[in-house]
Amino acid sequence: MTIPFKELADEWLKDPEVKAEYDRLGPEFEIATELIQARLRSGFSQVELAKRMGTSQSAIARLESGQTLPSTKTLIRFAEATGSKVELRLSAA
């Protein structure tokens, strides 16, 4: 029997320690999601985007997985390669 991921995630997030870590990683997940969406909007595969940026597919995969936080320079190169623009906001907590 297969359990849908959403059900597992909901169950895991009931644990205060898991929820705290999930919340702590939220900004990293958000960056990764934005990168994936920009690439998909551009219609590029990871390989195509990597060629446009002068890097490897595995580097793109690491950025999109959230394993690696991009530098500002990398964000700008990513945006230029996908026809996007970088916007940064700091808001009150």
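Which helix does Val47 lie in? Val47 lies in helix α4, which covers residues 46-53. Before going further, note that this is a predicted model, where local features need pLDDT of at least 70, side-chain atom pairs count only at pLDDT 80 or more, and totals for chains, interfaces and linings use all residues. Residues are numbered from 1 along each chain as its sequence is written, and side-chain values use heavy atoms, with hydrogens and water left out.

**Overall build**

- The chain has 6 helices and 0 strands, where helices (H or I, at least four residues) and strands (E, at least two) are DSSP runs numbered from the N terminus.
- Going along the sequence, the pattern reads α-α-α-α-α-α.
- The chain is more spread out than a compact globule, because its radius of gyration is 16 Å, well over the 12 Å that the globule rule gives for 93 residues. That radius is taken over C-alpha atoms, and the rule is 2.2 Å times the number of residues to the power 0.38.
- Along the principal axes, the C-alpha atoms fill a box of roughly 40 × 40 × 20 Å.
- Contacts here mean heavy atoms within 4.5 Å. Among the contacts in the chain with a separation of 6 or more, 49% are between residues 24 or more positions apart.

**Surface and charge**

- Of the 93 residues, 23% count as buried. Buried means under 20% relative accessible area, exposed means over 50%, and partly exposed is in between (1.4 Å probe, protein chains only).
- The accessible surface of the chain comes to about 7,200 Å², and 57% of it belongs to carbon and sulfur atoms. These areas come from the Shrake-Rupley method with a 1.4 Å probe; for residues, only the protein chains shown count as cover.
- On the charge side, there are 13 positive and 14 negative side chains, and the centres of the two sets lie 10 Å apart. Lys and Arg count as positive and Asp and Glu as negative, while His and the chain ends are not counted. Each charge is placed at NZ of Lys, CZ of Arg, CG of Asp or CD of Glu.

**Aromatic pairs**

- A search of the whole structure turns up 2 aromatic pairs. Rings of Phe, Tyr and Trp (its six-membered ring) pair if their centres lie within 6.5 Å; planes under 30 degrees apart count as stacked, over 60 as edge-to-face and the rest as tilted.
- Phe5 and Trp12 make an edge-to-face pair, because their ring centres are 6.1 Å apart and their planes sit at 75°. Phe5 is exposed at 62% relative accessible area, and Trp12 is partly exposed at 46%.
- Tyr22 and Phe29 have ring centres 5.7 Å apart and planes at 40°, so this pair is tilted. Tyr22 is partly exposed at 43% relative accessible area, and Phe29 is partly exposed at 38%.

**Trp12 in helix α1**

- Trp12 lies in helix α1, residues 5-12.
- Not counting residues up to four places away in sequence, Trp12 touches Phe5 and Val18.
- Trp12 and Ser42 are 30 residues apart along the chain, and their C-alpha atoms are separated by 34 Å.

- Val47 is partly exposed, with 42% relative accessibility.
- From Val47 to Ala61 is 14 residues in sequence and 9.5 Å in space, C-alpha to C-alpha.

**Helix α6: Thr74 and Arg77**

- Thr74 lies in helix α6, residues 72-82, and Arg77 lies in helix α6 too.
- Thr74 is buried at 19% relative accessible area, whereas Arg77 is partly exposed at 32%.
- Leaving out residues up to four places away in sequence, Thr74 touches Met53 and Leu63.
- Arg77, with its neighbours within four places in sequence set aside, is in contact with Met53, Gly54 and Thr55.
- Arg77 and Ile36 are 41 residues apart along the chain, with 14 Å between their C-alpha atoms.
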